[in-house]
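Reader: I'm new to this one. Can you walk me through it?

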Amino acid sequence: MKKYAVVLAACASVALSVSIGANPASAAGGTVSGTVKYDGTAPTPKKVEVTKDKEVCGLHPHFEEPAGSTVDITNSDGILHNIHTYSTKNPSFNMAQPKFKKVIKTKVDKPEVIKVTCDAHGWMHGWWVATDTPYFAVTDDKGNYSIAGVPPGSYQVEVWQEKLGTMDQKADVKDGATATTNFTMKPKG
Ligand SMILES: [Cu+2]
């Protein structure tokens, strides 16, 4: 079985998730950590034009779960949203989330990167990344990530960013050691 890790890099603040595929039986294991950088000038984030519900707008799905997990879509701001997922491997759904519906639960069975939008507010969108490995991380605002408890072995570490796509690199993980795996993502095209 191919072992791999996924790193998710989010745009403006470079949040990233790294995951590694393998058998999670071993308790100790090693660590894979590093930094994901962008080789270019980061674009200024576009101003979002808020055309309604100006005071409160937030779509907060918790998505730090691998495939087979249930995703809780929470509505914390008490206004009507409409959650719309664009998936091909998992069933997609399009559902209103009125203020009294605080949580919608949905299961993501297959590994897939799914774009999620709100049809009530055109500027709202996010991503769910369902991996088939329990070893993943999201980068912090400096681009750093760390995945602990990885069973020893040879892994493919993959980084994903919504605009820059994916990159991968090999990492050899040993018990009690840290395999440093850094990425520099290039501007596209
Ligand atoms: Cu909304």
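Author: Let's take confidence, then a sheet, then the core. This is a predicted model.

Reader: What does the chain average in pLDDT?

Author: The chain averages 82. A score of at least 70 is reached by 79% of the residues.

Reader: Where is confidence lowest, and where highest?

Author: Strand β2 (residues 18-19) is lowest, with a mean of 46. Strand β15 (residues 178-180) is highest, at 97.

Reader: Which stretch has 76 contacts beyond near neighbours in sequence?

Author: Residues 10-26, where the pLDDT is below 50. Residues 57-62 are also below 50, and that stretch has 19 such contacts in the model. Where pLDDT is low, the predicted coordinates should not be read in detail.

Reader: New topic. In what order do the four strands of the open sheet run?

Author: The order is β7-β6-β9-β10, with antiparallel pairing.

Reader: Why is one side of β7 and of β10 left without a neighbour in the sheet?

Author: β7 (94-97) and β10 (125-130) are at the edges, and each has a single partner strand, so one side of each has no neighbour there. On average, neighbouring strands are turned by 25° against each other, ignoring direction.

Reader: How many bridges join β9 and β10?

Author: Six, in the antiparallel sense; β9 covers residues 112-118. Val 116 has Gly 126 in β10 as its bridge partner.

Reader: And the core? Which residues touch the most other members?

Author: Val 32, Trp 128, Ile 147, Ala 171 and Val 173, out of 26 residues in the largest nonpolar core. Strand β13 (residues 153-161) gives the most to this core: four residues.

Reader: Which domains does this core draw on?

Author: Domain 1 (2-40 + 131-185) and domain 2 (69-128), with at least three residues from each.

Note on methods. Residues are numbered from 1 along each chain as its sequence is written. This is a predicted model: local features need pLDDT of at least 70, side-chain atom pairs count only at pLDDT 80 or more; totals for chains, interfaces and linings use all residues. A nonpolar core is a set of buried Ala, Val, Leu, Ile, Met, Phe, Trp, Tyr and Cys residues joined through C-beta atoms within 7 Å. A residue is buried if 20 or more other C-beta atoms lie within 10 Å of its own, exposed if 12 or fewer, and partly exposed in between; C-beta atoms are placed from the backbone. Helices (H or I, at least four residues) and strands (E, at least two) are DSSP runs, numbered from the N terminus. Domain bounds come from an automatic or database domain assignment. Two strands pair if DSSP finds at least two bridges between them. Axes are lines fitted to C-alpha atoms, for helices over the stretch in contact, and angles run from 0 to 180 degrees between N-to-C directions. pLDDT is the predictor's confidence in each residue, from 0 to 100. Two residues are in contact if their C-beta atoms, placed from the backbone, lie within 7 Å.
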